[in-house]
Amino acid sequence: QGAGGGMDTIARLVGQRLAGNLGQPVIVENRTGAGGMIATEAVARAPADGHTLLLGPIGNMVFTPILSQRMRISTTADFAPVSLVASFPLVLVVSANQPIGSVNELVAWMKAHPSKANFGGSGPAFRFANELFKVKTGAPGEFVQYKSMSETITALIAGDLIMSMVDTGPATPQIASGRLRALAVTSPARLPALPDVPTMAEVGFADIGFRFWTGLFAPAGTPASVVMRLGNELGRVLALDEVKTQLAALQVEATASSPEELGRLVQSELQRWGQVAETARIPKTD
C-alpha cells in the first residue's frame with residue numbers, strides 16, 4: 001500500500017516503537033503494485049536474517065494467492081510467520097432511503113428483486129466479504145467494482161448499490177448522520193463505535209462472522225530465535241496503551257499472537273476463503 005494508507009500508518013506507528021525495543025532503526029519501505037505481489041515476493045526472496053520483514057494484510061497473504069494466476073511464491077511455504085499485528089471487522093450497510101431495517105429484511109428484498117440486487121466494493125477483500133454473505137444467505141446479487149471505499153459509500157448513499165460490507169472507519173460518520181443504515185457487524189462482539197448495531201451472530205448469521213487482519217512475516221528460513229525475538233518485542237509494543245489507543249483511532253484493534261497461531265490462521269483463511277471463491281465462482285485474475 002502507498003504512503004499514508006492504512007497499512008503504511010500501522011507500519012510506521014508500530015515500527016517506531018519496535019526500533020526502540022530492538023535498538024536499531026526500522027525503515028518502512030512502500031512497494032506498491034500488482035495487488036501487493038511486488039512487496040510480498042520481494043520479502044519472500046530477501047535474506048532470511050530477520051532484517052527484511054513484511055507487514056502482510058489478509059489481502060496479500062490470502063486473497064491474492066487465491067485469485068492470482070501470476071503469483072510466483074507461496075504465502076505459507078515462503079514465509080515464517082512472526083505475529084499478528086492488528087485486526088478489524090466490517091459493517092453491513094444499506095442506504096437509509098431503502099425500506100430495509102434488518103439483515104433478514106435485506107435477504108428477503110434481494111430475493112424478491114433479483115434483477116435489482118447488487119453489492120460492491122473497492123478490492124478483493126470486500127468482494128470476498130460480500131460473496132460470503134451471498135453464499136451463506138442464498139441472496140442473489142451482482143458485484144460492482146469501485147476504485148475506493150469512498151466511491152463505494154457514495155454509491156450506497158445514492159442508492160446505486162443495495163448493500164455492502166465496508167470498513168467501519170469511513171462508514172461510521174455516514175451511519176451517525178443518518179445517510180447509511182447499519183444492519184450488523186462481523187465481529188464477535190458489538191463495537192464501541194457502533195454499540196447499537198448487532199453482530200451477525202446476534203441476528204442469526206454466525207457463519208458470516210470474521211475479522212480481517214494484518215500480520216508480520218519474515219522470509220522462510222529465518223532462525224527461530226530471531227522470529228521469537230521479533231514476536232516478543234512486537235507483543236510488548238502492541239500491549240502499550242498508547243499504541244492500542246492510536247490503532248483504535250484507525251478503527252483497528254491491536255492483536256498480537258504467537259508465530260504458530262499466525263501460521264494456522266493463514267492456513268485456515270486460505271481454506272475458508274478458497275471455498276468461498278469456488279462456490280461464488282469469483283474469477284481469477286491474470
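**Close-up 1. Helices α6 and α7 run roughly parallel to each other in this predicted model.** The axes of α6 (residues 149-158) and α7 (residues 168-176) come within 10 Å and cross at roughly 30°, and angles under 35 degrees count as roughly parallel. Here axes are lines fitted to C-alpha atoms, for helices over the stretch in contact, with angles running from 0 to 180 degrees between N-to-C directions. Helices are DSSP runs (H or I, at least four residues), numbered from the N terminus. The crossing of α6 past α7 is right-handed, that is, the near helix is turned clockwise from the far one by less than a right angle. Look for Met 149, Ile 153 and Ile 157 of α6 meeting Pro 170, Ala 171 and Gln 174 of α7; contact means heavy atoms within 4.5 Å. Five of these residues are nonpolar, one is polar and none is charged. Ala, Val, Leu, Ile, Met, Phe, Trp, Tyr, Cys and Pro count as nonpolar, Asp, Glu, Lys and Arg as charged, and the others, Gly among them, as polar.

**Close-up 2. Helix α5 lies roughly perpendicular to helix α10.** The axes of α5 (residues 124-137) and α10 (residues 259-280) come within 10 Å and cross at roughly 65°; roughly perpendicular covers 65 to 115 degrees. The crossing is left-handed, with the near helix turned anticlockwise. From α5 come Phe 128, Ala 129, Glu 131, Leu 132 and Val 135, and from α10 come Arg 272, Trp 273, Val 276, Ala 277, Thr 279 and Ala 280. This contact has eight nonpolar, one polar and two charged residues.

**Close-up 3. The second largest pocket has a volume of about 220 Å³.** A pocket is an open set of points on a 1 Å grid over the protein atoms alone, where a 1.4 Å probe fits, with protein on both sides within 12 Å along at least five of seven lines. Grid points are joined across faces, edges and corners, and the volume is the space filled by probe spheres set on the points. Lining residues, with an atom within 4 Å of a point, include Phe 88, Thr 168, Arg 211 and Glu 253. The lining divides into seven nonpolar, three polar and two charged residues.

**Notes.** Residues are numbered from 1 along each chain as its sequence is written, and side-chain values use heavy atoms, leaving out hydrogens and water. Local features need pLDDT of at least 70 and side-chain atom pairs count only at pLDDT 80 or more, while totals for chains, interfaces and linings use all residues.

Terms used: Helix = DSSP H or I, 4+ residues; strand = E, 2+ residues; numbered from the N terminus. Parallel < 35°, antiparallel > 145°, perpendicular 65-115°, else oblique.
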